[in-house]
Amino acid sequence: MEDASKQTIAHEVGGINDALRFGLNGVKSDIVGVHPVQSTFKSTKMSQAEMKRRGLAMTYGSAFPLKMDLDSRMLARFQRPPGAVSSSMLGLEAVNGTLDDFGFEDFHCLNDPRESETYRPADMHHGMEVRLGLSSGPVCPSFI
């Protein structure tokens, strides 16, 4: 006779059709996808980046775009240790050419968590332990 645990059906909490977490499923959103202007902007940005890569390859040789990709990958991995000063990714912005772009995330006066009354400074030692896999939990539990 089989065990009772083998005869039970596994109950999946929060399955694929969880309307409270993910919203109602719609056929139109599955077919259409993103807004047409957003898809046009994304495809234009990708084609401009590809044209820039081809131009750099024709001007400086085929190894130059590969070197730029390698540099951007290295700089994307570089971050400051968790602490009072957040990582700004200045080197990556310089390589990608987005240093002069001013986006919403660059405006620091809006919703700065350090201005909150419940803000707790990060523990740098705990953050490094989490990053190295020696401890578990959030890297920076910043609120009480």
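Select G61. This glycine follows α4, and its phi is positive, near 105 degrees. The model is predicted: local features need pLDDT of at least 70, side-chain atom pairs count only at pLDDT 80 or more, and totals for chains, interfaces and linings use all residues. Residues are numbered from 1 along each chain as its sequence is written, and side-chain values use heavy atoms, with hydrogens and water left out.

Now select α4 itself, residues 36-60. Helices here are DSSP runs of H or I with at least four residues, numbered from the N terminus. α4 has 25 residues. From first C-alpha to last, α4 reaches 36 Å, close to the 36 Å expected at 1.5 Å a residue. That expected span is 1.5 Å times one less than the number of residues.

Next, the charged pairs. How many salt bridges does a search of the whole structure find? The search finds 2. The term means a side-chain nitrogen of Lys or Arg within 4 Å of a carboxyl oxygen of Asp or Glu.

Select R53 and D69. They form a salt bridge, with the closest N and O atoms 2.6 Å apart. The pair links distant parts of the chain: R53 sits in helix α4 and D69 in helix α5, 16 residues apart. R53 is partly exposed at 29% relative accessible area, and D69 is partly exposed at 28%. (Buried is under 20%, exposed over 50%, partly exposed in between, with a 1.4 Å probe and protein chains only.)

Move to K67 and D71. Their closest N and O atoms are 3.0 Å apart, in a salt bridge. Both lie in helix α5, 4 residues apart, so about one helical turn separates them. K67 is partly exposed at 47%, and D71 is partly exposed at 22%.

Last stop: the second largest pocket. Select A49, K52, M68, V95 and N96, which lie nearest its centre among 14 lining residues. A pocket is an open set of points on a 1 Å grid over the protein atoms alone, where a 1.4 Å probe fits, with protein on both sides within 12 Å along at least five of seven lines; lining residues have an atom within 4 Å of a point. The volume is about 470 Å³, counted as the space filled by probe spheres set on the points, which are joined across faces, edges and corners.

Colour α4, α5 (63-77) and α6 (90-96): these elements each give two or more residues to the lining. The largest share, 6 residues, comes from α4.
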